[in-house]
Amino acid sequence: MKALIAMSGGVDSSVAAYLMKSQGFDCIGCTMKLFDNKDEQISQGKTCCSLEDVEDARSVAFRLGMPYYVFNFTGDFDKKVIDNFINCYEKGMTPNPCIDCNRYMKFDGLYERAKVLGCDYIVTGHYARIEKHGEKFVLKKALDSTKDQSYVLYSFNQEQLAHTMFPLGELTKVQTREIAEQNGFINASKPDSQDICFVPDGDYARIIEERTGKVYPKGSFVRKDGSVLGEHKGIIHYTIGQRKGLGISAPEPLFVLSINPHNNTVVLGSHEDLFCDELYVSGFNWISGETPRGAFHCNAKIRYRQKEQPATVAPLDNSRIKIKFDEPQRAITPGQSAVLYDGDVVLGGGIIERNDYEQI
Amino acid sequence: MIYADNASTTKMSITAINAMLPYFDNIYGNPSSLYAFGQEAKEALEDCRARVAACLNCEPREITFTSGGSEADNQAIISAARFGAKKGKKHIISTAFEHHAVLHTLKALEKEGFEITLLDVHTTGLVTPEQVRDAIRDDTCLVTIMFANNEIGTVEPIKEIAEVCREKKVVFHTDAVQAVGHVKVDVQEQNIDMLSISAHKFHGPKGVGVLYAKKGIPLTSVINGGAQERGKRAGTENIAGIAGMTAALEEACKNIDENAAKTIPLRDRLIAGLDKIPYGELNGTLEKRLPGNVNFCFEGIEGESLLLLLDDKGVCASSGSACTSGSLDPSHVLLAIGRPHEVAHGSLRLTINEEFTEKDIDYIIEAVTDVVTYLRNMSPFWRDLVNGARPHVFAK
């Protein structure tokens, strides 16, 4: 069996490659070049896709005796990930580009390449599991709940699951590092990547302004009743639930409640105003390929670093669903993903809509 | 394995290897040393300088040894720019399809306030002397145009362009990395003021090159330190590399006609074979072309996939220009000759030499034809072209 290993140059995908090789797969290593960072000052070791990471990946592939290639996906990444990221902020939402990247780059683009190369499987270093239950493939959380990455993988369909392997799904990070050290991988102690790869310094607003050439106009911070509290520096600078960096002095702490591109306002309010129990999700992908007939109870997660919460889910038309949590949740953020779980099994996920969808 | 990427680098010739060997263990002295042992190395160095000069038809003191073509390009352009700027001249003329060693140096100068004009290279991949004449202004300090293009192999009318520059009293530099050792280069006969060479493109070693600068053109040092190379290039000389390069250059120049006579029919056989693949086209004119260069664009193909599968069939080829990460960007050269983006992505460069056989060529033709067919069969883009949902770029 032939496997195409997506190698970022980090420790996880290197160990994934090693595990596949030791299981006797005929392996090809590859790194996707997603964007050009040669003009930008990238802080070392914090993101993937830099030239050093390519060298690290190449070195590991060489050590494991597998052919290694770099694929240029910069054009697709621009169109499908970065443009969407910008678009989302312009609509007053907060995107999660890693999810789009997994969907469009790793499991669409790479899938095409794997076919060309005659590979049976795509392999990544994600912490998640794929199992076959009867005729269906299921995506499950990693055994190590502290590293579980199933949240960013909900866009899988059955065919992709059938041709994907996550060799780290049953390991802990400590075990992964041990395997890397035992094998003398140069990246064994490399830190995990944290930031959005194309926004290495965290200043995403600058990246958006540079790419679009636009200046996002200043506008008003308002209360729910419309009374003006001050001036904001452009809507793309804010996200729901944000408290720091508002530059407003008020007797009580203020939080961003909503962002309204149609009148260029950012609504502020109290901490308790942030809580809400209902949301709508669009573009929902049911991993089983089948939409449940009626409402049911399960767990839902509305951001990466959050424990799932019990909720009632009602499938609607046009790949939408409605989620009603048992308890109100803090800062439900349009643009982020809502992912449903039945125990360890990922049912599917989609993008949280704005609650004033019609107004845009 | 068939190595068809000789524009990228070449195998060293036995002559070149043998010429290097004495300098690793016998004559290993430092040419800058006072004692006789070092002087032996110094003599070897100067002997090489004279022999390289003879190959180019210039004087030994007009030769500066560098670490390769990129350094020579950098130093040539920076020197001419600084020389011009002293006289208030800050305009440079070049072309859109130069090597990045030239383009990126120009970009850096642009940031310093130089004005850069990039001439159109037309669909043929050729610049005309008239274009250069029209572009030269009173404040032009340098014209830099490559002798032969590294991707599509077109050979520019250097003598005529240089003649215009001489008449207008503008310094003329040419990046001759792909040309030297493959087509005749004579700096006097061709009116060239500055020229860059890289040894590993003509069966010499990597990491060594030459900058020729006509006397009277002051060089700016880009690597500072000791006074080697008359103070124009610091660093202990790479004697072994220089000796290898010199031997390789002499050999290549001596056999230039014979090699071309062997290579050109093979190149044309390859072109004819690949031309049979539908919806593909040769890039660059056939008439003014390096003996070993073949470059095609195929519709509905991704260059990257093409190379992967050719690698699998034992054919080493390239697409676009090799870059440090080993990934491929849409070639600026193909965009410069007017190929649309999607076609520029589907390019294939095969660069052969005199050692190829007809059998090798036929194997490549078969491999490329098979791979193109295979990839098209699984490409949705190609399906769109076939069923008319998307228009073809090429007529056939």
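Predicted model: local features only at pLDDT ≥ 70, side-chain atom pairs only at ≥ 80, totals over all residues.
1. On the side of helix 10 of chain B, the contact is formed by Leu266(B), Arg269(B), Leu270(B), Gly273(B) and Leu274(B), while helix 14 of chain B contributes Glu358(B), Ile361(B), Asp362(B), Ile364(B), Ile365(B) and Val368(B). The residues of this contact comprise 7 nonpolar, 1 polar and 3 charged.

2. Helix 14 of chain B also contains Val372(B), which is buried, with a relative accessible area of 0%. Leaving aside residues up to four places away in sequence, Val372(B) touches Ile277(B), Phe298(B), Ile301(B) and Leu306(B). The C-alpha atoms of Val372(B) and Ser305(B) are separated by 9.5 Å, although these residues are 67 residues apart along the chain.

3. Turning to helix 3 (residues 36-56) of chain B, its 21 residues should span 30 Å at 1.5 Å a residue, and this agrees with its end C-alpha atoms, which are 30 Å apart. Directly after helix 3 of chain B, Asn57(B) adopts a positive phi of about 65°.

4. Buried residues of helix 3 of chain B include Gly38(B), Ala41(B), Ala44(B), Leu45(B), Cys48(B) and Val52(B). The buried residues of this helix pack against several elements of chain B, among them strand 2 (63-66), strand 7 (194-198), strand 8 (209-213) and helix 9 (239-254).

Note on methods:
Residues numbered from 1 in each chain as written. Chains lettered and ligands numbered in written order. Heavy atoms only, no water. Contact = heavy atoms within 4.5 Å. Helix = DSSP H or I, 4+ residues; strand = E, 2+ residues; numbered from the N terminus. Nonpolar A, V, L, I, M, F, W, Y, C, P; charged D, E, K, R; others polar. Expected span 1.5 Å × (residues − 1). Buried < 20%, exposed > 50% of the residue type's maximum accessible area, 1.4 Å probe, protein only.
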